[in-house]
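Here's a quick briefing to read alongside the model. Have the viewer open and click along as you go.

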Amino acid sequence: AQFAHEGAIAIEAIAFTGQMHGGLLVDSNLEPLTDFITWQDKRGDEFEPSGKSYVEALRSFAAPDVTGVGVHSGFLIATLYWLQQHDAFPSGASYVLGIYDWLTSLLVGKPAADISSASAWGMFDPITKSWHSDLLESAKIPMTLLPDVYEPGDFLGTLRPSLANEMGLARNVRIHASIGD
């Protein structure tokens, strides 16, 4: 770290870590439209009219998961599917982001997630580094909701000037992709 003045340390870079399986829906300005949905959300265990749980339905849509993880209640895909099936997506929802991805996105000014976060949602394949498009299509979750995905630590840009001024930080503070817990 560089010393700005005696006893003070200038911040050169920011990255976060945090809870992986949950998230929130935000508008195009990255303003939250939902509360944070944690891994403890169990709506995926509720039953569809077909008699299957929402998670069972999602599993029937999904190709075999080579990672061995699969889809579980508490993964963000299960909650998003439940919201979709109950017409409960908030109006103006533009992106889905993990909590620490949201903080990163606010600082850099664009929606971004890291691989560990996107994978933990149950809808991203960390091996092929791609979204499970067939699963998302079957679940009627629009691909447009999904942020760009980065490797943990990737440089995303510098702190937005308005935030730098508000926080009393230099405009050249580097923002890096986060990593899940």
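**The overall picture**

The protein has an accessible surface of about 9300 Å², and 53% of that belongs to carbon and sulfur atoms. Keep in mind that this is a predicted model. It has six helices and 13 strands, and the C-alpha trace spans about 65 × 35 × 25 Å along its principal axes.

**Burial and contacts**

- Of the 181 residues in the protein, 44% are buried.
- Take the contacts between residues at least 6 apart in sequence: 61% of them join residues at least 24 apart.

- As a reminder, strands of a sheet pair through backbone hydrogen bonds, either parallel or antiparallel.
- Strand 3 pairs with strand 12 (residues 174-176) in the parallel sense, over two bridges.
- Look for isoleucine 14 here, which stands opposite isoleucine 175 in strand 12.
- Helix 3 is mostly covered, with eight of its 10 residues buried. The buried ones are Tyr100, Asp101, Trp102, Thr104, Ser105, Leu106, Leu107 and Val108.
- Just past the end of helix 3, glycine 109 takes a positive phi of about 85 degrees.

**Aromatic pairs**

- There are four aromatic pairs in the structure.
- Phenylalanine 61 and tyrosine 81 make an edge-to-face pair, because their ring centres are 5.8 Å apart and their planes sit at 90 degrees, and planes over 60 degrees apart count as edge-to-face.
- Phenylalanine 61 is in helix 1 (residues 54-61) and tyrosine 81 is in helix 2 (residues 76-85), so this pair ties together parts that are 20 residues apart in sequence.
- Tryptophan 121 and tryptophan 131 form a stacked pair, 6.1 Å centre to centre with 20 degrees between the planes.
- Tryptophan 121 lies in the loop between helix 4 (115-120) and strand 8 (124-125), while tryptophan 131 belongs to strand 9 (residues 130-131), so this pair ties together parts that are 10 residues apart in sequence.
- Tryptophan 121 is buried, with a relative accessible area of 0%. Tryptophan 131 has 16% relative accessibility, so tryptophan 131 counts as buried, the cut-off being under 20%.
- Ring pairs also link Tyr54, Phe61 and Tyr81 into a cluster.

**Arginines over rings**

- Arginine 43 lies over the face of tryptophan 82, at 4.9 Å from the ring centre.
- Arginine 174 lies over the face of phenylalanine 155, at 4.0 Å from the ring centre.

Note on methods: Residues numbered from 1 in each chain as written. Predicted model: local features only at pLDDT ≥ 70, side-chain atom pairs only at ≥ 80, totals over all residues. Heavy atoms only, no water. Phe/Tyr/Trp six-rings, centres within 6.5 Å; stacked < 30°, edge-to-face > 60°. Helix = DSSP H or I, 4+ residues; strand = E, 2+ residues; numbered from the N terminus. Buried < 20%, exposed > 50% of the residue type's maximum accessible area, 1.4 Å probe, protein only. Lys NZ or Arg CZ within 6 Å of the ring centre and 35° of its normal. Pairing = 2+ DSSP bridges. Contact = heavy atoms within 4.5 Å. Areas by Shrake-Rupley, 256 points an atom, 1.4 Å probe, with all protein chains shown as cover.
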